[in-house]
Amino acid sequence: MFSSHRGILLATALMLGASPLAVSGQESGYAGTYPFGTAATQADIDAWNKDVRPDGQGLPPGSGTFEKGQKIYAEQCATCHGENLEGIRDPNLPQGGGPALIGGRGTLNTSKFKITVESYWPYASTLYDYILRAMPYTAPSSLKPDEVYSLVGFILGRANIIDKKATMDAKSLPKVEMPNRNGFYPDNRPYPVKRYD
Amino acid sequence: MDRTHRSEILIGEPVAEGDLVRPPEEDCACKEGMFPKASRRQILRGGGLVTAAAATVLLAKRTLAADEDMAGSWTVPGQLAKSDYGTRSKFETAVRQATPAGTDALTPLQSLWGIITPSGLHFERHHNGVPAIDPAQHRLIIHGMVDRPMKYSVEDLKRFPSVSRIVFIECSGNSGGTARSATLKTAQAAHGLTSTSEWTGVRLSTLMSEVGVKDGAGWVLAEGADGAMLSRSVPIDKIMDDAFVAYAQNGEAIRPENGYPMRLILPGWEGNINVKWLRRLKLGDKPFMTREETEKYTDLITLTGKARQFSWVMEAKSLITFPSGDMRLPGKGFYEITGLAWSGRAPIERVEISTDGGKNWALASLQEPVLPKAHVRFRYPWHWDGSETIIESRATDQTGYVQPTKAFLTANEGVGPTYHYNGIQSWKISADGSVSNVLIA
């Protein structure tokens, strides 16, 4: 799906000639490597290597449930995202409030489009990854894997994407089929037409 | 924040995201002068922005010698040099304009000259505030599909061969508030999420040859050290083409709000992928599909309900910064129309100006240097005959791409989240000289 990017970038590079970053001294001069920096240890990497991909790469051990997620949500999320995951607008909340997490299916091709986890997000892995790194807003990176799994289970359960009895873990999460999984296509600009009258 | 204002912007989306939020309409005292932010008080005190018409009036009211601020500077010794950072004249007042949620602050484009944005006026956009980072503690780790995972301090990076490049950075959401509304009054409020700086750092191609890229590595996850730990997937081709890790901005260390002590620079690409406070680059064989490249910064086309993804390039755009919204021309006569044009794809080829609402177009002159992927300054001499009209600018880059009209964009893209919005901006000049934002759909 995304293999065409290489072709586009190469074509662009050819069209524009040499990159402005190419400096003749660099090209003709020092050819070796540089003794700067230090080898990253496995501990260095493990401390930060927490991202999660759609195929499940990066998901840690642990698990969570709708029920546990419901409790965590009420304590840590509802203030900004609403008791019913409906989103809140309040200038006194960080970023003016948190977005709705559910609803909006069937609205994307209308002027009243509603972008939520339920209606728009193509991968469940993104929900895990984002909650772990960035939520809650006032205490990012504070949740443990079991808590994040539980929140994913709760939100996806409320969105009627998974069964409320399902357990979320490294095996089950990548198998979740999000409603808008096929709602995206790679950049197709510029338009193949003259863009003004 | 003004609720009604916000709901108007975010059709279908109940919560504001900073780069789609419009700032409040400022209470601007600028109608007294030609330029915004020149208050009546400043003009009366003899500040720098005295227009010909205003000056005539003012001179009748007082003599130069009576003005303490202006007269007699040559009659007393001046300020001696100090070992300090230095500040601008106390008469200069242009500032960034922050949104109520504090997630953005916009550059006062209408108050600036040339192409470089002063570092203190470079726009800000962040997803969980500006982190306080001690550069001595900061590390950049490069790992994943590499032969030699490495860890670099700021001082390590400074020892590598360096590169400097003047590059614009524009928030993907810039100008989105002008798509279907003309309520944002000034160039700053409507289009101020773009700025140009000279950035200095180390080429990613250099660092990649240091760590050794494994076969099959096609994507690089870039991650920041901010509270949002903002992360994006960057294709390896861009990394090897013209990407670099910058530690300096306009000759000094990068400002905290722009990524101190180091950030990614991907020339021509949407702002947020130029990851600030960069702490980690992870090579992999597939995109990572972070929130900032799925829910956010994808372009929902409401005509189809499908969304364009990985639309990184900021396409050609231009903006007249003088005369622009909320200014007032003192009378008919000569004015130099000026503004900025830029394209993330290729150097600007030409900028055309219309002074009759888009019926006729004439070439503006481009100030050298016309740098690729940087703001370009254009100018056009104009005699205003005093009658109401609309002025517009239209940029074309060297790929032949022409900045579209708003009508074209609506017809082709519908009414989605308006990332990458580059429709032609129209400013109306009223017979009384006042300049305002108008929507020509």
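Helices here are DSSP runs of H or I at least four residues long, and strands are runs of E at least two long. The model on screen is predicted.

**Stop 1: chain B.** Select chain B and colour by secondary structure. Now look at burial. Of its 441 residues, 52% count as buried. Then turn to contacts with a separation of 6 or more in chain B: residues 24 or more positions apart account for 70% of them.

**Stop 2: α6 and α7 of chain A.** Move to chain A. Select residues 124–134, helix α6, and residues 145–158, helix α7. Their axes lie 9 Å apart, and the packing angle is about 130°. Angles from 65 to 115 degrees count as roughly perpendicular and those over 145 as roughly antiparallel, so α6(A) and α7(A) are oblique to each other. The crossing of α6(A) past α7(A) is right-handed. Show side chains next. From α6(A), pick A:A124, A:L127, A:Y128, A:I131 and A:L132. They meet A:V148, A:L151, A:V152, A:I155 and A:L156 of α7(A). What is the make-up of this contact, nonpolar, polar or charged? Ten residues are nonpolar, with no polar and no charged ones.

**Stop 3: α4 and α7 of chain A.** On the α4(A) side, select A:F66, A:K68, A:G69, A:Q70, A:I72 and A:Y73. On the α7(A) side, select A:E147, A:S150, A:L151, A:G153, A:F154 and A:G157. This contact of α4(A) with α7(A) has five nonpolar, five polar and two charged residues. A:L151 is listed in the contact with α6(A) and also in the contact with α4(A).

Definitions and conventions: Residues numbered from 1 in each chain as written. Chains lettered and ligands numbered in written order. Predicted model: local features only at pLDDT ≥ 70, side-chain atom pairs only at ≥ 80, totals over all residues. Axes fitted to C-alpha atoms, helices over the stretch in contact; angles between N-to-C directions. Parallel < 35°, antiparallel > 145°, perpendicular 65-115°, else oblique. Left-handed = near helix turned anticlockwise from the far one by under 90°. Contact = placed C-beta atoms within 7 Å. Nonpolar A, V, L, I, M, F, W, Y, C, P; charged D, E, K, R; others polar. Buried ≥ 20, exposed ≤ 12 C-beta atoms within 10 Å, placed from the backbone.
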